[in-house]
Each structure stands twice: as C-alpha cells, then as structure tokens.
Amino acid sequence: MRIETLAITSTRFEDKNAGSVASPIFLSTTFERETDGSYANGYIYTRADNPNRQTLEKSIASLENGAVGFAFASGMQATTALFQSLEPGNHIITPNDAYFATNVLIQEVFSRWGLEMTMVDMTNPENIRAAIRPNTRLVWIETPSNPQLKISDITAIAAIAHENDALCVVDNTWASPVGQQPLNLDADIVMHSTTKYFGGHSDVLGGALVLKKDNELAQKLRDIQKLTGGVPSPFDCWLITRGIKTLPLRVKAQTENAYKLSLFLENHPEIEAVHYPGLPSHPQYAIAKKQMLGFGAMLSVQVKGNEQKAMEITGKLKLFTTATSLGGVESLVEHRKSVEGIHSSTPENLLRVSVGLENIDDMIEDWNNALAL
C-alpha cells in the first residue's frame, strides 16, 4: 500500500463490541485475568502494553517499513532506551551538527555508564570510517541535521557501520517517513520524536524506535521499555495515532510551502544563506535528491547581521510563532543558538524555521515585511 493508505489502515482499531469507526481510548491501567491466571486478550498492565500503544507501534513500524516498533513517552526517552541497550565501554559516533540534547545525553549521563562518543562531520562518510574504533557499536545519523540541514549519505554510512559490526541508526524526525525511509537505505533502526510530524498539532509528547528486524536487540528494547516504564499514556498514543491519519497530506503540503519560502528567502538581499536540501545550491543536494522522497518542511536561514538582528526579526514576524519545536500545523521560528547555549556551534545569525500550513503567499509577505523593517 502507498503511505497515504497505510496512514489510514494501519491506525484502524477493530472494535467488535461497538463497531465504532473512530478508535476507542483504553484508559485502564490493568486488565482482567482468567481463573487459571492467564490473560485472554494478551494485556496485563498498561506499562507492559495497551491496545492504543500496540496500534501506534504497529502503525509507525508499517510506515517505516520495519519489523517492529516501540513507542516511548518522548523522543529523548526513545534515544535513552537505545543507549541503555549498549554495553559499558561501547563507542558511539554522532554528527557534529545534530539535535544538541542527543550529544549532551551521552556526555552528561551515559559517559558515567562508560559509553564513549566521537562527533564527526557526517557529510563525508570517510570521516566515519576514520572515527571507527574496535569498540564502536553504533553510528548515529541525523539527516537532515538540526539546525543546519546537512545531509548524510545513509547507504554509504550504513555500509561502513556494518563492515565494522556496528548498528546504523537514523534520527528521521525532520524528514518523517513521508520524506525519507532509512530502513530501505540499509539503516538498522529509525528514531522519531513523534511529538513533531506524527502528532502534528503541538499537543502531545512522544517518541519511537523502529527496527528493521525483530531480533535479540528488539527483545532487549522490549525489556527496557517495560522495566523502565518510559511509555506514553493511552491518550497520548491515541492522539499520535489520530495525527498519523493526516501525516502524508500535512507533510506534503508543508514541504511545498517550505520549498517556495526557501526560494524567496534565498533571493532576498537581507538573507546571508538559506539551508534547505531542496535547493540546488545546497552542498549535498545530489545526495538529498537520491535518498529523500521529499525535502521536508524544515529550513534555516542566516540573516545579514548579528545575533541581535536575528532575534529582532523573530519579533517582527506575525505568522511565525517564536517557539521551540517543529512539525505542527502552525509555523514556528527560533533563534537556535540561544536555546543550545554557549557551547553551541550554531551560527549566531541563524534562525530555525518550521513551516506550517498557512497560505504560502501570506508567509512570504510576512517575511518580506519583517526583513524590510
């Protein structure tokens, strides 16, 4: 099935008792046992499993063409669970331009567990090869990267990882399965902050892992998920599942808006640079065109001027709310370096933009007015 059809069929819950078209919400924390101690319907306790979570996990796995999915209470919890599946002394390679909290998590939490990390520029796969150690067990890719939208060649990096008995994991949050399917490009695992495009309405927190194979690692993640308990509530699962139904339509419309906005900003005299993988001027445009199904709805711009000038523009925009997050139906803008802190390598004049579903002509007019003042 095509992704638009999968988004509908994979989120359908068969309610034989009521025959409802919309999925019910199973708020129960516990489930009835039979007199012999068994569980006729397979559910014991919501921390272990729940009908709403099971529907969500199966849906996300099908959208990413994976064998098994795991839903978590946030994207960071999904990332944490994967790192917890590693052994003390294991080595991880991560991008030097990525969601800042991923690397901070390793440095400030998992370094105490004995995990080691090397950050490299992943736009050149040979940098990964040079960083490989005998104890390297995981290569973490983020493409497009946050916030500079650098593109990494998933297939080439996966080959290097596999040659060295390491897993290739892709944070696919920015692209979504509508724009990119890493498991089809030889990656082993996909991570999502389902808070973003899956939920799509800035009202629910969630994360997910999807594995290409239902193997020993999958069982380890099941145990971590159940024992640590960092799972989404039934209502959170229901909200994200509802968001999935319109995911393909929303992301395609947002991507079209982002492309048109990037073209306008690239030619504006007050803009120093536009980072968007759909522009032929992007340094990794050829790779993006090869591996992406759509270029996504995220872009970043560097204004002419300093940090103060960039932050002033966020206050002049009327349709772009100054807020942290992305992937919702409303457009957002953020001065990223001030969020990441003093150790951030993000340019001080860079604004991260999440493009929503407003009319593109209104968006362009909004930016034109903000840049003219």
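Mentor: The model is a predicted one. Its protein chain has 14 helices and twelve strands.

Trainee: What makes the protein chain as compact as a globular protein of that length?

Mentor: The globule rule is 2.2 Å times the number of residues to the power 0.38. For 373 residues that rule gives 21 Å, and the radius of gyration of the protein chain is 21 Å, so the chain is as compact as a globular protein of that length. The C-alpha trace spans about 75 × 55 × 35 Å along its principal axes.

Trainee: Which strand order does the sheet of seven strands have?

Mentor: The order is 1-7-6-5-4-2-3; the sheet is open and its pairing is mixed.

Trainee: Why are strand 1 and strand 3 said to stand at the edges?

Mentor: Two strands pair if at least two bridges are found between them. Strand 1 (68-72) and strand 3 (116-120) each have a single partner strand, so one side of each is left without a neighbour in the sheet. From one strand to the next, the twist averages 20°.

Trainee: How do you know that strand 2 and strand 3 pair?

Mentor: The criterion is at least two bridges. Strand 2 (residues 91-95) and strand 3 are joined by five bridges, in the parallel sense, so they count as paired. Within this pair, H91 stands opposite E116 in strand 3.

Trainee: Which helices lie on these strands?

Mentor: Helix 4 (residues 100-108) packs on the sheet and touches strand 2, strand 3 and strand 4 (136-142), with its direction at about 150° to that of strand 3. Helix 6 (residues 154-163) lies across strand 4 and strand 5 (167-171), and runs at about 150° to strand 5.

Trainee: What order do the strands of the five-stranded sheet have, and why are strand 8 and strand 10 its edges?

Mentor: This open sheet has the order 8-9-12-11-10, with mixed pairing. Strand 8 (271-275) and strand 10 (321-322) have a single partner strand each, so one side of each lacks a neighbour in the sheet. Helix 10 (residues 247-266) packs on this sheet, touching strand 8, strand 9 (298-303) and strand 12, and its direction makes about 15° with that of strand 9.

Trainee: How do strand 11 and strand 12 meet the pairing criterion?

Mentor: At least two bridges are needed. Strand 11 (residues 332-335) and strand 12 (residues 350-354) have four bridges, in the antiparallel sense, so they are paired. H335 stands opposite L351 in strand 12.

Trainee: What makes helix 10 roughly parallel to helix 14?

Mentor: The axes of helix 10 and helix 14 (residues 360-372) cross at roughly 30° and come within 10 Å. Angles under 35 degrees count as roughly parallel, so the term applies to helix 10 and helix 14. Their crossing is right-handed.

How values were computed:
Residues numbered from 1 in each chain as written. Predicted model: local features only at pLDDT ≥ 70, side-chain atom pairs only at ≥ 80, totals over all residues. Heavy atoms only, no water. Helix = DSSP H or I, 4+ residues; strand = E, 2+ residues; numbered from the N terminus. Contact = heavy atoms within 4.5 Å. Axes fitted to C-alpha atoms, helices over the stretch in contact; angles between N-to-C directions. Parallel < 35°, antiparallel > 145°, perpendicular 65-115°, else oblique. Left-handed = near helix turned anticlockwise from the far one by under 90°.
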